[in-house]
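Dear colleague,

Here is the structure I promised to pass on to you. Please look it over first, and then read the notes that follow it.

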Amino acid sequence: MFRKLHNPGAATVTIYIDGCAVTAEAGESIAAVMLRQPTGWSRTTSISQSQRAPYCMMGVCFECLVAVDGKGSLQGCLTPVRDGMRVTRQQGRRSLSA
C-alpha cells in the first residue's frame, strides 16, 4: 500500500518486526515502516481483537501502539527506528507486570 521514497545517502538500519528483519532509514518512525509491510497493522483492540493501523501519524489517535524491546504501549508514530530494535504488534491491551 505504501512505499518509501528513495533518499540517496540515507543511513539504513535493521529492525525486527515480530521477529522478521526489516530495513529502514535512520530517522523514520516505526509506524511509517510498519505501514510499508504486507500487513500494515500495529495493534489489535482489547475487546474485539480487530486490527488497527497507524492513522494520524502525529501522536493524537493512539492507533499505532506497539511494544519495543519488551516495553508496551509506545506510540510508533513518535518513536524513531534504531538499529536492532525489536518491535512487536500489541495484542489487545498492554499487560502490566506486578
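Glu28 sits in the loop between β2 (20-25) and α1 (30-35), where helices (H or I, at least four residues) and strands (E, at least two) are DSSP runs numbered from the N terminus. This is a predicted model, in which local features need pLDDT of at least 70 and side-chain atom pairs count only at pLDDT 80 or more, while totals for chains, interfaces and linings use all residues. Residues are numbered from 1 along each chain as its sequence is written, and side-chain values use heavy atoms, with hydrogens and water left out.

Glu28 counts as buried because its relative accessibility is 9%; buried means under 20% relative accessible area, exposed over 50%, and partly exposed in between (1.4 Å probe, protein chains only). Its side chain is joined to that of Arg36 by a polar contact of 2.5 Å, the term standing for a pair of N or O atoms within 3.5 Å, of which, within protein, one must be able to donate a hydrogen and the other to accept it, and residues adjacent in sequence count only if both atoms are side-chain atoms. Apart from neighbours within four places in sequence, Glu28 is in contact (heavy atoms within 4.5 Å) with Lys4, Val33, Arg36, Thr79, Pro80 and Val81.

Val33 and Val81 also belong to the largest nonpolar core, which has 13 residues, and they are among those touching the most other members, together with Ile15, Ile17, Ile30, Met85 and Val87. β1 (12-17), β2, α1 and β5 (65-68) each supply at least two residues of this core, a nonpolar core being a set of buried Ala, Val, Leu, Ile, Met, Phe, Trp, Tyr and Cys residues joined through side-chain atoms within 4.5 Å.

As for the cysteines, a search of the whole structure finds 0 disulfides, defined as pairs of cysteine sulfur atoms within 2.5 Å. The closest cysteine sulfur to that of Cys61 is in Cys56, and at 3.7 Å it is too far for a bond. Cys61 is partly exposed, because its relative accessibility is 24%.

Finally, two residues deserve a look at their backbone. Most residues other than glycine have a negative phi. Gln49, in the loop between β3 (43-44) and β4 (51-52), has a positive phi of about 60° although it is not a glycine. Ser73, within strand β6 (residues 71-75), likewise has a positive phi of about 60° without being a glycine.

With best wishes
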